[in-house]
Amino acid sequence: RDDIAERALLYNAARDALSPRELAANEAQLRARVAQLWQTRLLRYSKLTVADEIENALSYYEATFLREIPRIYADLERELGQESVHSFLRMGQWIGGDRDGNPNVTAATLTQALRRQSEVVLRHYLTEVHLLGGELSLSARLVDVTPEMQALAQSSPDTNEHRMDEPYRRALTGIYARLAATLRELTGTEAARHAVAPQNPYLTSQELVADLRTIATSLKTHHGAALIKQRLHPLIRAVEVFGFHLATVDLRQSSDKHEEVVAELLATARIEANYSALDEQGKRVLLMQLLNDARPLRVHGVEYSSHTQSELAIFSSAKRMRERYGVEA
């Protein structure tokens, strides 16, 4: 009863602090939400696709992980007396790569998963770099910068006369332009803003980290350390954690499905007519021999079963994805 009374007092105090117009607005919002709940169905009437699963998972990254993971690291470093902590905590998932029991997961869905993941993380970086450009308005007339920072500003395609004395803004304009080119290269989509035309894309996320660290080092050594903590440091941490791939995609498949493919490859290549009939030791011996043989098992010109073609396509796609988004993908 005491707890209920205390809650009532707090509610009354909060209500008394609001004007009649604010109270009326609150009641209107409550009525709208109740009406919304009453008139919304509880269950879906159409089946979710793999593409839907991918988008649902990505919504959590946009709403939570992209900002909260850097905060976890910041909290950890604060508890350790500002000791630098390596980016050991990474994200991983299997949506788009888990074929075990789901025939709708194919090489195409794997490609789609990585492309959308890359788009989400690159658009986050672009937004943060844009906001940094608004914050780091420091003038070279008032503060010096490091030679590396000056070189980064000079390499920027931003030649606007109003920013000639703003090295950080010029550098960030250049970084944004390169990120926009990276977005186009990796996802085929365009950035929302274009101060200047897209430039040469970043080849790796480490290149982006290096440019951001150049800015951080210059700020730290020229009376601008207070400007690092709020946005620049979390952005650097995010790039270290999420790269250009956002999260590692696990590839899963039931071992018996892989065995069917191996058996078909070996039979077609006339190496082993009935691989599945071998005992475990016999399979191990044969596979070890084949791993030490440089010749491929796949025979060109042969029409393999649809199952074997689908599984082989997964490995081909995985190879391209690693080359495109980095080995951590």
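The following legends describe an overall view and several close-up views of a predicted model.

Local features are reported only where pLDDT is at least 70 and side-chain atom pairs only at pLDDT 80 or more, whereas totals for chains, interfaces and linings use all residues. Residues are numbered from 1 along each chain as its sequence is written, and side-chain values use heavy atoms, with hydrogens and water left out.

**Figure 1. Overall view of the protein chain, with 11 helices and 2 strands.** Helices (H or I, at least four residues) and strands (E, at least two) are DSSP runs numbered from the N terminus. Along the sequence, these elements follow the order α-α-α-β-α-α-α-α-α-β-α-α-α. The C-alpha atoms occupy a box of roughly 80 × 65 × 40 Å along the principal axes. The radius of gyration of the chain is 27 Å, while a compact globule of 329 residues would have a value near 20 Å. This radius is taken over C-alpha atoms, and the globule rule is 2.2 Å times the number of residues to the power 0.38. Of contacts between residues at least 6 apart in sequence, 70% join residues at least 24 apart; a contact means heavy atoms within 4.5 Å.

**Figure 2. Surface and charge of the protein chain.** The accessible surface is about 20,500 Å², and carbon and sulfur atoms account for 53% of it. Areas come from the Shrake-Rupley method with a 1.4 Å probe; for residues, only the protein chains shown count as cover. Buried residues form 36% of the 329 residues, where buried means under 20% relative accessible area, exposed over 50%, and partly exposed in between (1.4 Å probe, protein chains only). The chain carries 40 positive and 44 negative charges, whose mean positions lie 3 Å apart. Lys and Arg count as positive and Asp and Glu as negative, without His and the chain ends; each charge is placed at NZ of Lys, CZ of Arg, CG of Asp or CD of Glu.

**Figure 3. Close-up of the salt bridge between Arg 67 and Glu 128.** A salt bridge is a side-chain nitrogen of Lys or Arg within 4 Å of a carboxyl oxygen of Asp or Glu, and the model contains 23 of them by this rule. In the Arg 67–Glu 128 pair, the N to O distance is 3.1 Å. The pair links distant parts of the chain, since Arg 67 belongs to helix 3 (residues 50–79) and Glu 128 to helix 4 (residues 107–135), 61 residues apart. Arg 67 is partly exposed at 38% relative accessible area, whereas Glu 128 is buried at 5%.

**Figure 4. Close-up of the salt bridge between Glu 119 and Arg 123.** The closest N and O atoms are 3.0 Å apart. Both residues lie in helix 4, and their spacing of 4 residues separates them by about one helical turn. Glu 119 is buried, with 12% relative accessibility, while Arg 123 is partly exposed at 28%.

**Figure 5. Close-up of the salt bridge between Asp 293 and Arg 295.** The closest N and O atoms of this pair are 2.7 Å apart. Asp 293 is partly exposed, with a relative accessible area of 27%, and Arg 295 is exposed at 64%. Elsewhere, salt bridges that share partners join Glu 55, Arg 115, Arg 116, Glu 119 and Arg 123 into one network.

Figure 6. Ser 316 is partly exposed, with 33% relative accessibility. The C-alpha atoms of Ser 316 and Arg 90 are 25 Å apart, and the two residues are 226 residues apart along the chain.
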